Amino acid sequence: MKPKNTLAAYYKLSTLEAGCDEAGRGCLAGPVVAAAVILPKNFNHPLLNDSKQLSEKKRDLLRPIIEQEAIAFGIGIVSHTEIDEINILNASILAMHRALDNLTTEPKHIIVDGNKFKPYKNISHDWIIKGDAKYKSIAAASVLAKTYRDDIMQKLHLEYPNYAWNSNKGYPTKAHRAALVKYGSTKHHRESFNLIPLQLKLDL
């Protein structure tokens, strides 16, 4: 039996609307990646949901469908060095602005997952807490942001296999922390983050 999709199709019915979300905000390494997606009002797929609620297989299945059926989509990337310079909150918003820059169709309204955003051009916006579990365009953006970022971390894993980025994608897992203790940080780590907690340092 197929899961029932309960996401709302839009926040404002009569407006061309883009949903935005980011991935990688809590990671210790790699960029933060955002996506902006404008979906047709009648878009529907039973698997579409907040990317965190989906398996990697389902996200990978949804990505080409979203890309093919979207009116427009854009991806924005902010590097780990930029994150260190401007902080992760500003970097996440900048990534969403860059994603919006890459849309081939300009939206009339923007809906954003979370509770922080800075005005983009003169386009109206609303931020929505847990919006990726409420609106289709934000859920679609969450899927694209997550899959594009995962691809980046898979490639970086080939360069630095000791950190298991192919599985943890740069998040602070026990294995990732242990690798930092053993091997130190790489040029892809966010030096402004607490890479090795005090307790691990004391255990050295």
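Which residues in helix 1 meet which residues in helix 4? Before selecting them, note that this is a predicted model, where local features need pLDDT of at least 70, side-chain atom pairs count only at pLDDT 80 or more, and totals for chains, interfaces and linings use all residues. Residues are numbered from 1 along each chain as its sequence is written, and side-chain values use heavy atoms, with hydrogens and water left out.

**Stop one: two helices**

Select residues 56-69 for helix 1 and 136-159 for helix 4; helices are DSSP runs (H or I, at least four residues) and strands likewise (E, at least two), numbered from the N terminus. On the helix 1 side, show Glu56, Arg59, Asp60, Leu62, Arg63, Ile66 and Glu67. They meet Ala140, Val143, Leu144, Lys146, Thr147, Tyr148, Asp150, Asp151 and Gln154 in helix 4, contact being heavy atoms within 4.5 Å. Colour this contact by class and you will find six nonpolar, two polar and eight charged residues (Ala, Val, Leu, Ile, Met, Phe, Trp, Tyr, Cys and Pro count as nonpolar, Asp, Glu, Lys and Arg as charged, and the others, Gly among them, as polar).

Now look at the axes: the helices pack at an angle of about 115 degrees, with axes 9 Å apart (axes are lines fitted to C-alpha atoms, for helices over the stretch in contact, and angles run from 0 to 180 degrees between N-to-C directions). Helix 1 and helix 4 are therefore roughly perpendicular, a word for angles of 65 to 115 degrees.

**Stop two: strand 1**

Next, select residues 17-23, which form strand 1.

Definitions and conventions. Parallel < 35°, antiparallel > 145°, perpendicular 65-115°, else oblique.
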